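Take a look at it first, and then read on.

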Amino acid sequence: MKVSVKVPATSANLGPGFDCLGLALPIYNIITIEEKVLPGSGNEINIIVNNKNIDEASVNQLPMDENSIAYKSVEMLYSLTGQVPTDLKMTIETNIPIARGMGSSASVIVGSLMAANALLSNPADEAAILSIATEIEKHPDNIVPAVVGGLVASSIEDDGSVFYHKLEWPDDWHITLCIPDFELQTEIARSVLPKDVPMHDATFNAMRMGMFIEAVKNKDTELMKYALHDKLHQPYRMKFLPAFEEIQQSLKELDNVMGCVLSGAGPTILVISHGNNIDEIKQRVRGCWDAVNINGEIITTKIEHEGAKLLDSHSERINSPQIV
Ligand code: HSE
């Protein structure tokens, strides 16, 4: 039997929602698991790069054995039925940029869990998939939108279960992803965060999180400008992000830009805007990048409303972002 799952990229944090807000994007990885015909031939993991902007060298550094997150995910799913994965061929067709804050590891975890689940006739329901995936990833903000799609606020409860609530994203708000040509590993970006934060920084974010929810609900672009700020992670990560502050300052001058935040742990920068001056936004970002010799890709996309899904035909393997 062979199962393929298509999983969207995600952008987490979205300003005030550190470790709890995230949205799905129309860029996809496809994870396929196949039972091998020859018993005793062992497990095998392959990665196929589908995006010319993904550096083969970074892919070659990923573990391809039992230490890979694909294998660990499948192993955890199999343990629900008391089994150990044997003689499986796992293939990751990767189109989501790696180590750029766009949920590539969450997509592999979710895709591997869902494919293994289908192979074993679905021992895990959605709640179990979310809880296992979050246990592996450690925070739910990429995992939940990868599974359910759309814009989502999520939390982990004390027993490890994941609670989420979907929010409406205004259709005419644009997401521009500025993806630089360098990587930032999440572990490194998390290692600089403090264990405790000042009370006024916590209230700063809590207040803006409330504004964020009201702003998307009422499509209120002015309120969103107040909401898209953070004191819990971005200030600590600035040192990894040449030009981020300059980009924020430059885009502040454009009335239709609501904000400019880190996508996940970075280094991708996410610009939220309305109206039709996308080219001006891109030029300004390029100008700030040029000043510090950064290259990269800038794409404007819609939000992906659908989460991960099993593929039942080859025709669904669309793998390019919907550029606005
Ligand atoms: N919320 C996480 C972080 C996302 O900012 O570290 C990592 O992808």
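This is a predicted model: local features need pLDDT of at least 70, side-chain atom pairs count only at pLDDT 80 or more; totals for chains, interfaces and linings use all residues.

## A first look around the model

Methionine 76 is partly exposed, with a relative accessible area of 26%. For this term, buried means under 20% relative accessible area, exposed means over 50%, and partly exposed is in between, using a 1.4 Å probe and protein chains only. Methionine 76 belongs to helix 2, residues 69–79.

Residues are numbered from 1 along each chain as its sequence is written, and side-chain values use heavy atoms, with hydrogens and water left out. Helices (H or I, at least four residues) and strands (E, at least two) are DSSP runs, numbered from the N terminus.

## The ligand and its surroundings

Where does the ligand sit? The ligand is in the largest pocket. A pocket is an open set of points on a 1 Å grid over the protein atoms alone, where a 1.4 Å probe fits, with protein on both sides within 12 Å along at least five of seven lines. A molecule sits in a pocket if more than half of its atoms lie within 2 Å of its grid points. Strand 2 (17–35), helix 5 (140–148) and helix 6 (186–191) are the elements that give two or more residues to the shell around the ligand.

Which residues are around the ligand? Among them are Asn13, Phe18, His139, Asp141, Thr186, Arg190, Gly264 and Ala265.

| Residue | Ligand atom | Distance |
|---|---|---|
| Aspartate 19 | nitrogen | 2.5 Å |
| Asparagine 142 | oxygen | 3.0 Å |
| Arginine 237 | oxygen | 2.8 Å |

Taken alone, the ligand exposes 260 Å², and the protein buries 97% of that. These accessible areas come from the Shrake-Rupley method with a 1.4 Å probe.

## Cysteines without partners

How many disulfides does a search of the whole structure find? The search finds zero, where a disulfide is a pair of cysteine sulfur atoms within 2.5 Å. For cysteine 20, the closest cysteine sulfur is in cysteine 260 at 20 Å, which is too far for a bond. Cysteine 178 is in no disulfide either, and its nearest cysteine sulfur, that of cysteine 260, is 6.8 Å away. Cysteine 178 counts as buried because its relative accessibility is 0%.

Glycine 266 and proline 267 are joined by a cis peptide bond, with omega of about 5°. Proline 267 is in the loop between strand 8 (257–262) and strand 9 (269–273).

Alanine 99 is not a glycine, yet it has a positive phi of about 55°. Its place is the loop between strand 4 (88–94) and helix 3, and alanine 99 is buried, with a relative accessible area of 14%. Asparagine 293 also is not a glycine and has a positive phi, of about 60°. Asparagine 293 lies in the loop between helix 11 (278–291) and strand 10 (296–301). Is asparagine 293 buried or exposed? Asparagine 293 counts as exposed, because its relative accessibility is 73%.

Asparagine 60 is part of helix 1, residues 56–60, and counts as exposed at 59% relative accessibility. Between asparagine 60 and glycine 150 there are 31 Å in space, C-alpha to C-alpha, and the two are 90 residues apart in sequence.

Asparagine 122 is in the loop between helix 3 (104–119) and helix 4 (126–137). Asparagine 122 is exposed, with a relative accessible area of 52%.

Arginine 208, in helix 7 (residues 199–218), counts as buried at 15% relative accessibility. The C-alpha atoms of arginine 208 and valine 285 are separated by 25 Å, with the residues 77 apart along the chain.

Methods. A residue is near a molecule or strand if one of its heavy atoms lies within 4 Å of it. A polar contact is a pair of N or O atoms within 3.5 Å; within protein, one must be able to donate a hydrogen and the other to accept it, and residues adjacent in sequence count only if both atoms are side-chain atoms. On a 1 Å grid over the protein atoms alone, a cavity is a set of points where a 1.4 Å probe fits but cannot get out, and a pocket is an open set with protein on both sides within 12 Å along at least five of seven lines; lining residues have an atom within 4 Å of a point.
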